[in-house]
Amino acid sequence: MNPLPRPEAAAVSTNAQLFERAQQSIPGGVNSPVRAFRAVGGTPRFITRGEGAYIWDADGQRYIDYIGSWGPMILGHGHPAVLEAVLSAAREGFSFGAPTEREVELAEAIIGLVPSIEQVRLVSSGTEAGMSAIRLARGATGRSRIIKFEGCYHGHADALLVKAGSGLATFGHPTSAGVPAEVVQHTLVLEYNNVEQIEAAFQAHGNDIACVMIEPIAGNMNFVRASVPFVKRIRELCDQYGALFIFDEVMTGFRVALGSAQSLYAKAIPGFTPDISVFGKVIGGGMPLAAFASSRRIMQNLAPLGPVYQAGTLSGNPVATACGLATLKEISKPGFHEALHAKTRRLMAGLKAAADAAGVPFSVDSEGGMFGFFFMPELPQNYQQVMTTDQARFNRFFHGMLERGVYLAPALYEAGFTSAALSDADLDATLAAAQDVLAQA
């Protein structure tokens, strides 16, 4: 079954030619590792354009897009209102290195949607926002030690490229060459959703911990939620010991709900708020833009008001802020997230039904426009459990779907993303392809 039209096969794939050429001038042929298809094998697709729910590769093949630039394209590609905002801003100027009114408007829009924050600092990438949030937490508390969780990704800052230590409440070891051991000596890596470990860590190091940083829905071990008791206990421990709780919402921000993931936890935990929030992806609408935000009291530690230094030439770029503002305006319309959530739920239910019919162990989860699926009978709760999923079966599924015009994340450790541009016909085609592929699994 082939639900999408395919071009005549070229004698030599243009994608393959481009990949060969790219490897001569770019390390690994890509500018971000997951794009290289190393996890799944095969040749990366070089994308030439996107429109609505679709992208096209260099061979002319159209795909239904479930990556959406890894999250930003919540409206789909080339949304008319966003495109017009970007073109209008570009005509006025690409960058000034000086304040613009649009920066203020975007900050106000973010604050208006997220009750936990009073001030926002705009930056250009999630990595920049994450490392700046940690620096702010350390500066505000006067402490050095930080806690993160195995399987959560907060960008490629040195202090965050670390794996778990050899025992409970021990500090980690670098996971990348070029990161000296002494740089990560203050980073403690714990198991996600393990309440006992976080309690033991605070008991051992509580008075030295500056912050705990977490993805509330971890999107770099596919899709794993932080349990409500886990988040509640972290909040209690941070309050008890004077540490700051950082919610990394680069993926989840404004995508899983208009108020972001923290709004979901606030419904389950009365009075819940994080101390610092990190945003990216959706707030830029596909442009390089991210932010970190907090209360006025904490943000006053930032230069030029306080001693914590952070700066960026392209921070608050006028074209990026125009793109982000237009995106936030569209997703703030009544019923937007409810409709997006319904599409995602339908997709997950259909994949689960297809797997069940084929007798394939399969579990799914989703929230808003973000989803994950695992070739295992039950949803995992931490990184070690994720690692037990059937890699070979996922790879076969990925390539089977790709051949049928459905573009999923090229690694089983990555979450998927839906967009408002997806139609019922797109979902039907996706599920028909999945039924075909899973039946052959």
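A salt bridge is a side-chain nitrogen of Lys or Arg within 4 Å of a carboxyl oxygen of Asp or Glu. Asp428 forms one with Arg346, and the closest N and O atoms are 2.2 Å apart. Asp428 belongs to helix α13 (residues 424–439) and Arg346 to helix α10 (residues 336–358), so the pair ties together parts that are 82 residues apart in sequence. Helices (H or I, at least four residues) and strands (E, at least two) are DSSP runs, numbered from the N terminus. The model is predicted: local features need pLDDT of at least 70, side-chain atom pairs count only at pLDDT 80 or more, and totals for chains, interfaces and linings use all residues. Residues are numbered from 1 along each chain as its sequence is written, and side-chain values use heavy atoms, with hydrogens and water left out.

Accessibility was computed next. Buried means under 20% relative accessible area, exposed means over 50%, and partly exposed lies in between (1.4 Å probe, protein chains only). Asp428 is partly exposed, with a relative accessible area of 42%. Arg346 is partly exposed too, at 31%.

The structure holds 17 salt bridges. Among them is the pair of Arg45 and Asp57, whose side chains meet at 4.0 Å, N to O. This pair links distant parts of the chain, 12 residues apart: Arg45 sits in the loop between α1 (14–25) and β1 (47–51), and Asp57 in strand β2 (residues 54–57). Arg45 counts as partly exposed because its relative accessibility is 24%. Asp57, by contrast, is buried, with a relative accessible area of 3%.

Helix α13 also supplies Asp436. The side chains of Asp436 and Arg404 meet in a salt bridge of 2.9 Å, N to O. Arg404 lies in the loop between α12 (391–403) and β17 (406–407), while Asp436 lies in helix α13, so the pair ties together parts that are 32 residues apart in sequence. Both Asp436 and Arg404 are buried. Elsewhere, salt bridges that share partners join Glu199, Lys232, Arg233 and Glu236 into one network.

Aromatic rings were examined in turn. Rings of Phe, Tyr and Trp (its six-membered ring) pair if their centres lie within 6.5 Å; planes under 30 degrees apart count as stacked, over 60 as edge-to-face and the rest as tilted. A search of the whole structure finds 20 aromatic pairs. The rings of Tyr66 and Phe371 have centres 6.1 Å apart and planes at 80°, so this pair is edge-to-face. Tyr66 lies in the loop between β3 (62–65) and α2, and Phe371 in strand β16 (residues 370–374), so the pair ties together parts that are 305 residues apart in sequence. Tyr66 and Phe371 are both buried.

The rings of Phe254 and Phe279 are tilted, because their centres lie 5.2 Å apart and their planes meet at 40°. This pair, too, links distant parts of the chain, 25 residues apart: Phe254 is in the loop between β12 (244–249) and α7 (261–268), and Phe279 is in strand β13 (residues 276–279). Phe254 is buried at 0% relative accessibility, and Phe279 is buried at 1%. Ring pairs also link Phe362, Phe373, Phe375, Phe394 and Phe397 into a cluster.

Charges also sit over rings. The criterion is NZ of Lys or CZ of Arg within 6 Å of the ring centre and within 35 degrees of the ring normal. Arg49 lies over the face of Trp56, at 3.8 Å from the ring centre. Arg62 lies over the face of Tyr54, at 4.0 Å from the ring centre.
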